Amino acid sequence: MSIWRLGEEPPPEYLELLYEVEGSDGGSDGEADVEDEVDVEDEVEVEDEVEVEDEVDVEDEDEDEVEAPPYSPHPGHTSPESRERLSRMDDPTTSREFRERSRSPLPSSAEPVVPADYLEVMFDDFGVQLDEQPTAVPAEGLVVVFDEFGVALDEQPTADEFFAPDTHPLYEIRDRERDVRNRRGTSGRRGGRRGVRGVRGQSARGGRYPSRGRRGGRQWVVGEPLHQIWLSDADVPPELVSLATDVVRRRQRGLQGDAVADITERGRVASESEDELFVDASDGGDAPRRLESQNLDFEWYPMDTFQSREEDFLPERTGSVRYFDSAYDAFRSYWSEEVLGLIVAETNSYASKINSASFQADWFPTNCHEILCLFSFWMMLGVVRMPTVTSCFSVDPLLKTEVFRRIFTRRRYEMLNRALHFVESPVTNNENPSNTDARSFDRLHRLRPILAHLNSAFQSNYILNKDICIDESLTLWKGRLSFKQYIQTKASKFGIKTFELCESTTGYLWSFIVYAGKESGTDLQQSPGELKSTAVVKKLIDPLLNKGYRLFMDNWYNSPLLARFLKLNGTDCVGTLRSSRRDVPVVVNKAPLNQGEYIARHSGDVTVLAWQDKKRITMISTCHGASTALPRVSSRPLSRKEAFKPQVILDYNKFMGGVDLKDQMLEPYLIERKRCKKWYMKLFKRFLNVSILNSRILVESSTHKHHDHLAYRLELVDTILSKHLSHCPQSRRYTVSSSRSTHHQPNRFVHSTHWPVSLGSRKRCFVCLKNGKKNIRTSYCCESCRVPLCVEDCFKAYHTSP
């Protein structure tokens with residue numbers, strides 16, 4: 001710490017720290033070593049400083065040198081002229097002239113910033129003013145405290161007095177830090193330490209912000225309340241206010257159709273076509289309300305005037321539409337006789353066209369009972385994991401599994417998988433873009449009837465709770481496919497992507513869209529200039545508008561315009577937000593936040609909040625303010641401190657995982673795990689598996705009881721086999737008495753433990769003794785009852801008579 005008066009000579013250590021002079025090893029003869037001018041107890045700190053000062057010469061590459069005031073962090077203080085002038089500091093005739101030239105570059109007619117007779121300023125080891133300034137001020141003097149940009153805190157001068165409009169410290173310091181990082185990557189090692197000390201106040205160990213996570217000189221720790229900055233517009237720097245005003249003006253000109261492409265807006269043209277994406281084409285009474293011109297203009301205000309509230313949830317009851325008390329009834333609500341009849345007709349039609357003599361010799365038409373048994377076979381493949389499909393029919397004692405051999409023979413299963421179809425195959429090639437057939441542009445035409453049926457059945461059988469979410473899901477597929485997607489955050493990573501709307505608490509899949517590439521637009525009616533993410537949300541949420549639902553989405557979907565459109569149609573919107581989206585407030589986007597700080601602004605019914613945790617998080621909501629709260633985690637020990645978070649983030653973490661919850665519950669029982677040659681067959685198995693999960697949620701909603709997932713699937717398989725296996729068509733080659741056709745006879749399996757076994761000795765029969773025949777002896781007994789019984793008549797009579 002150094003203290004001196006305005007008319008006195010400044011301490012040498014402050015001058016060396018200010019102008020970052022190298023040590024005596026690389027300086028001129030007039031330069032003094034830093035260690036020779038400090039006390040013994042300060043040697044450790046000064047040694048660290050010298051190591052950093054040895055690396056400052058990289059900053060000398062700047063061509064435009066500007067003289068900086070003694071308290072300014074401007075990088076011009078490292079120029080060669082500055083070091084040459086410093087070498088002459090010992091000369092009394094030049095010291096005063098040097099101090100006069102190093103003052104702030106104010107115009108000659110400007111008033112001095114410090115009108116006092118003397119000045120006391122305290123600096124740390126790096127030349128930065130300390131937060132706690134001396135409080136003892138002489139009556140005739142004045143203590144002036146400067147911020148990190150060298151401006152008096154009590155009376156701030158305007159930006160025009162010190163800097164040009166394009167060199168404001170808020171942006172200039174960021175440019176210098178970027179230049180320092182770029183040079184640091186090519187400078188190599190010097191003095192055994194990497195990194196360059198760029199601007200005044202930067203950490204000596206290469207950190208960008210020495211006060212990151214600090215407010216008032218104290219670091220924010222977990223468990224302390226969050227701090228909201230810039231509660232009013234008066235706290236916002238005038239440069240940000242001017243920038244935000246310019247953005248609003250450009251937006252208003254764009255709404256009038258006079259805007260042109262602007263580089264500052266990332267080259268996007270603000271035209272009226274971009275606002276048409278919220279116009280519904282239908283003229284019916286249930287059509288969504290469109291955004292008027294006054295709703296497209298976003299002006300952001302502090303949160304003290306925020307008055308929006310959460311929408312009222314209108315549905316009187318939620319859950320299953322009908323009462324289901326069995327797994328079979330709930331499952332058949334999705335797979336009705338109509339859709340099963342379609343599968344049977346298309347399968348038999350396609351099988352008759354297969355050009356194979358061996359196939360035609362063994363094939364016989366299928367029916368609805370056999371299709372259901374095929375579903376049960378796939379369900380058991382999800383429960384009992386076999387290495388290959390052929391292993392299911394093995395007679396090896398180590399691999400033999402009776403349930404698979406009971407349902408099908410290997411030959412019949414292979415023929416069913418080869419012939420299974422859901423729609424008539426097109427005559428022309430689907431991948432040929434020159435084909436004029438409408439189905440050639442619909443890459444999902446092979447599954448179109450099934451997808452339409454399941455979408456309708458999922459929606460008609462269940463009423464969602466208030467909190468819902470939209471996210472992506474991925475069905476694993478590593479083969480060749482033109483619209484195969486890669487999502488790093490998913491477990492599968494490669495596969496077929498689907499956009500899904502699920503209930504947040506149960507994971508019930510209510511509606512979905514299969515992504516088939518940019519060229520295939522059958523599912524999405526996208527207007528010109530409309531974002532694909534917006535079209536996805538509109539299609540999925542359309543039946544639920546004006547009912548008070550609360551929709552959670554991630555930053556790929558959210559935007560201020562979409563949030564306002566949903567709020568206008570009676571639906572709340574909550575989620576993360578990309579800061580590069582259009583209409584995001586500049587004040588929130590550009591605010592310099594330390595860890596534990598947040599800032600929020602609202603534009604009527606839309607709120608945008610930015611929070612600095614380990615990284616910056618931007619949220620958007622139409623029903624949240626700027627309140628904070630503690631998360632409630634019952635499994636967390638009481639001794640562990642919980643971090644405060646904004647309420648919008650707590651709700652997002654709680655209700656955003658509906659799609660991920662569905663995928664987690666399906667993971668242990670994936671019936672599409674086995675490799676398929678046809679991509680659409682794997683996708684069909686995926687939705688079959690989802691229908692099982694949805695049927696379980698129907699039963700739990702009806703009975704208000706929890707049902708174990710494994711037990712539910714086993715019950716469903718057992719019911720299907722008991723009802724339909726005996727009605728499957730029989731082979732033309734084999735009779736019922738044949739050993740291969742006996743697999744279709746479920747009655748030969750008796751679930752019992754009462755079997756006659758050898759007793760080892762002869763004893764009196766229990767039934768004969770009861771009937772008065774005392775001399776009848778037998779050498780057999782019941783395996784479980786251990787009662788001696790005659791095998792011929794007494795064994796049956798004992799187990800059937802009361």
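The model is a predicted one. Its chain has 802 residues, and 48% of them are buried. Secondary structure comes to 23 helices and 18 strands. If you take the contacts with a separation of 6 or more, 64% of them join residues 24 or more positions apart.

**Salt bridges**

Side chains of opposite charge can pair when their charged atoms come close. Here the count of salt bridges comes to 20. Three of them are laid out below.

| Pair | Closest N to O distance |
|---|---|
| R550 and E310 | 3.8 Å |
| E370 and R412 | 2.8 Å |

Take R550 and E310, a salt bridge at 3.8 Å. This pair ties together distant parts of the chain, 240 residues apart: R550 sits in strand 10 (residues 550–553), while E310 is in the loop between helix 7 (238–255) and strand 4 (319–320). R550 counts as buried because its relative accessible area is 8%, under the 20% cut-off. E310, at 30%, is partly exposed. Both residues also belong to a salt-bridge network that includes K466, D467 and D651.

Next up, E370 and R412 come to 2.8 Å between their closest N and O atoms. They link distant parts of the chain too, with E370 in helix 11 (residues 368–383) and R412 in helix 13, 42 residues apart. Both E370 and R412 are buried.

D442 lies in the loop between helix 13 (410–419) and helix 14 (448–460).

**A covered helix and a charged patch**

Helix 16 (residues 560–568) is mostly covered, with nine of its nine residues buried. Among those buried residues are the charged R564 and K567, along with P560, F565 and L568. Just after helix 16, G570 takes a positive phi of about 70°.

Finally, R762, R764, K774 and R777 form a positive surface patch. R777 belongs to strand 18 (residues 777–782), and this residue is partly exposed at 43% relative accessibility.

Technical notes
Residues are numbered from 1 along each chain as its sequence is written. This is a predicted model: local features need pLDDT of at least 70, side-chain atom pairs count only at pLDDT 80 or more; totals for chains, interfaces and linings use all residues. Side-chain values use heavy atoms; hydrogens and water are left out. Patches are made of residues with over 30% relative accessible area and no salt bridge: like charges are joined within 9 Å, nonpolar side chains (Val, Leu, Ile, Met, Phe, Trp, Tyr) within 5 Å. Accessible areas come from the Shrake-Rupley method with a 1.4 Å probe; for residues, only the protein chains shown count as cover. A salt bridge is a side-chain nitrogen of Lys or Arg within 4 Å of a carboxyl oxygen of Asp or Glu. The place of a charge is taken as NZ of Lys, CZ of Arg, CG of Asp or CD of Glu. Helices (H or I, at least four residues) and strands (E, at least two) are DSSP runs, numbered from the N terminus. Buried means under 20% relative accessible area, exposed over 50%, partly exposed in between (1.4 Å probe, protein chains only). Contact means heavy atoms within 4.5 Å.
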